[in-house]
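Have a look at the model first.

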Amino acid sequence: MLNDEVKEFIKSEKIIAVIRADLKQELFFKAVHALFEGGIRCIEITMTTPGALTIIESLKKEWKGKEILIGTGTVLDTTTCRLSILAGTDFIVTPTLLPEVISTAKNYGVVSMCGGFTPTELFQAWQSGADFVKLFPASVGGPEYIKAVLGPLPHLPIVPTGGIHHENARKFLEAGAVALGVGGNLANKNLLASENYKLITETAQLYKSAIS
């Protein structure tokens, strides 16, 4: 997909499943299949995952031609950003305000999501060229915080991450979030380690139903 298509796809799908785990590579493939079966089409593999770049590259090859995005999370420097792009990542996510990473992604025509929490950080991320601003941790302040930030800054494309579950997901969207980053409440380490893919699929379906 082209840059604009990736942005619109994320906005339309609304949920990004964040996978952060120390597992064998083949288990990631099964987990992504389980999430896809549950209706999740945007996946983020964090760089805190051992072998993350190899996993991303392999997933991109496996799902080539399919309507699914595979992104890289917890990108902390320009080198990792470039390596992720070479691996075929669809989007880059930083946990904090890192303008140099945004700039690198932009130079390569890759969508970026830059982290922040305060209105100043979120605005600076957007001003630096980030396609989305990741509000983290979203559990602090909740939907009301997003609503307050968007009061004076209604143009910010906020993607809250952290503490989002199927019971409050719709509230975050109603507060003005354009998409949601969902980690442990969707594909947590215990489910992945126990290979409970059926429950992962059912949980994904629960999230999709909650925001539809």
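**Exercise 1.** Among contacts in the protein chain between residues at least 6 apart in sequence, what percentage join residues at least 24 apart?

*Solution.* Start with the ground rules: this is a predicted model, where local features need pLDDT of at least 70 and side-chain atom pairs count only at pLDDT 80 or more, while totals for chains, interfaces and linings use all residues. Residues are numbered from 1 along each chain as its sequence is written, and side-chain values use heavy atoms, with hydrogens and water left out. Next, a contact means heavy atoms within 4.5 Å. Counting that way gives 58%.

**Exercise 2.** Work out whether the radius of gyration fits a compact globule.

*Solution.* Take the radius over C-alpha atoms, and use the rule of 2.2 Å times the number of residues to the power 0.38. For 212 residues, the rule gives a value near 17 Å; the chain has 16 Å, so the two agree.

**Exercise 3.** Find the residues with the most contacts inside the largest nonpolar core.

*Solution.* Collect buried (under 20% relative accessible area, 1.4 Å probe, protein chains only) Ala, Val, Leu, Ile, Met, Phe, Trp, Tyr and Cys residues joined through side-chain atoms within 4.5 Å. The largest such core has 55 residues, and Leu35, Ile43, Ile45, Ile158, Leu180 and Leu186 have the most contacts inside it. Now zoom in on Ile158: leaving aside neighbours within four places in sequence, its contacts include Leu122, Val133 and Ala177. Finally, a second, separate core of 13 residues includes Leu69, Phe91, Met113 and Ala179. Over the whole chain, buried residues make up 51% of the 212.

Methods: Buried means under 20% relative accessible area, exposed over 50%, partly exposed in between (1.4 Å probe, protein chains only).
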